[in-house]
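Me: Please take a close look at one part of this model, the aromatic ring pairs. Start with the charges and the overall build, then go to the rings and their surroundings.

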Amino acid sequence: MPCIINIETSTKVCSAAVTIDGTVALQKVSYEGPSHASLLGGYVKDLMQFLKDNHITPEAVAVSSGPGSYTGLRIGVSMAKGLCFGMEIPLISVTTTELMTVGVMFDDTVPEEALLCPMIDARRMEVYTSIYDRALNEILPLGAYIIGEESFKEILEKHKVVFFGDGSEKCKNVIKHPNAMFLPDIVPLASNMLPLSERAFRSGTFQDVAYFQPEYIKEFQATIPKNKVINPGL
């Protein structure tokens with residue numbers, strides 16, 4: 001198994017972690033943000049010192065690629081690319097909504113048959129979201145959606161859906177279907193990147209370090225009509 005430096009800065013939470021042989025060897029987290037610009041450099045310095053002290057050479061850097069705060073994503077990606085250039089190791093990108101889903105996949109309070117819907121707050125009643133099954137298969141395409149009373153109705157008629165993430169808080173009073181369940185206090189963390197970054201490393205799924213940028217926000221804002229309520233369904 002590889003040694004990977006994982007960086008997550010897509011929301012107000014700032015985190016970084018070293019994963020080695022399928023375990024989290026060291027992690028640094030702050031929930032007091034957004035303060036990524038002042039914290040991330042120190043976190044990475046601590047991780048690198050840990051690796052040096054233990055005579056371990058990192059084999060890749062993984063970074064959250066969004067959706068999320070564009071400023072936060074740029075800070076994380078810039079740090080990740082700098083590490084990759086400096087150490088001549090590959091870059092891995094991890095979709096933030098998949099990362100959040102990993103954080104709840106093994107939660108005992110979540111029904112086994114439920115679909116999982118991570119939500120990242122955008123503006124007003126808009127969220128960045130997708131829906132996954134327990135195998136991380138995408139049921140609803142990742143995108144920016146404006147939430148209304150009819151949102152997800154067709155999916156909710158067929159499945160229990162667990163909503164979580166900072167975007168889900170404002171949806172509690174709008175999505176009232178009995179199959180809707182809301183899970184509090186779920187944030188993307190670098191430590192939860194482990195299965196995703198290791199999977200990418202094993203498959204050789206790397207990004208071009210010179211040209212990689214987190215593009216989700218630009219793309220979604222360009223494609224979603226303003227003031228239009230989207231009703232994603234199956």
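Reply: The protein carries 20 positive and 27 negative side chains. Lys and Arg count as positive, Asp and Glu as negative; His and the chain ends are not counted. Each charge is placed at NZ of Lys, CZ of Arg, CG of Asp or CD of Glu. On that basis, the centres of the two sets lie 6 Å apart.

A word on the basis. This is a predicted model: local features need pLDDT of at least 70 and side-chain atom pairs count only at pLDDT 80 or more, while totals for chains, interfaces and linings use all residues. Residues are numbered from 1 along each chain as its sequence is written, and side-chain values use heavy atoms, with hydrogens and water left out.

Now the overall build. Six helices and 10 strands make up the secondary structure. These are DSSP runs numbered from the N terminus: helices are H or I with at least four residues, strands are E with at least two. The C-alpha trace spans about 55 × 35 × 35 Å along its principal axes.

Of the 234 residues, 49% count as buried. Buried means under 20% relative accessible area, exposed over 50%, and partly exposed in between, with a 1.4 Å probe and protein chains only.

To the rings. The count comes to three aromatic pairs. Rings of Phe, Tyr and Trp (its six-membered ring) pair if their centres lie within 6.5 Å; planes under 30 degrees apart are stacked, over 60 edge-to-face, and the rest tilted.

F163 and F182 are stacked, at 5.2 Å centre to centre and 25 degrees between the planes. F163 sits in strand 9 (residues 161-164) and F182 in strand 10 (residues 180-183), so this pair ties together parts 19 residues apart in sequence. F163 is buried, at 0% relative accessibility.

F201 and F206 pair edge-to-face: 5.9 Å between centres, 70 degrees between planes. Here F201 has 22% relative accessibility and so counts as partly exposed. F206 is partly exposed too, at 35%.

Back to F163 and F182: ring pairs link them with F152 into a cluster. F152 lies in the loop between strand 8 (138-146) and helix 4 (153-158). It is buried, with a relative accessible area of 0%. Its backbone deserves a look. Phi of F152 is positive, about 65 degrees, although the residue is not a glycine. Most residues other than glycine have a negative phi, and most peptide bonds are trans.

E88 belongs to the loop between helix 2 and strand 5 (91-94). At 73% relative accessibility, E88 counts as exposed. The peptide bond from G66 to P67 is cis, with omega near 5 degrees. P67 is in the loop between strand 4 (60-64) and helix 2.
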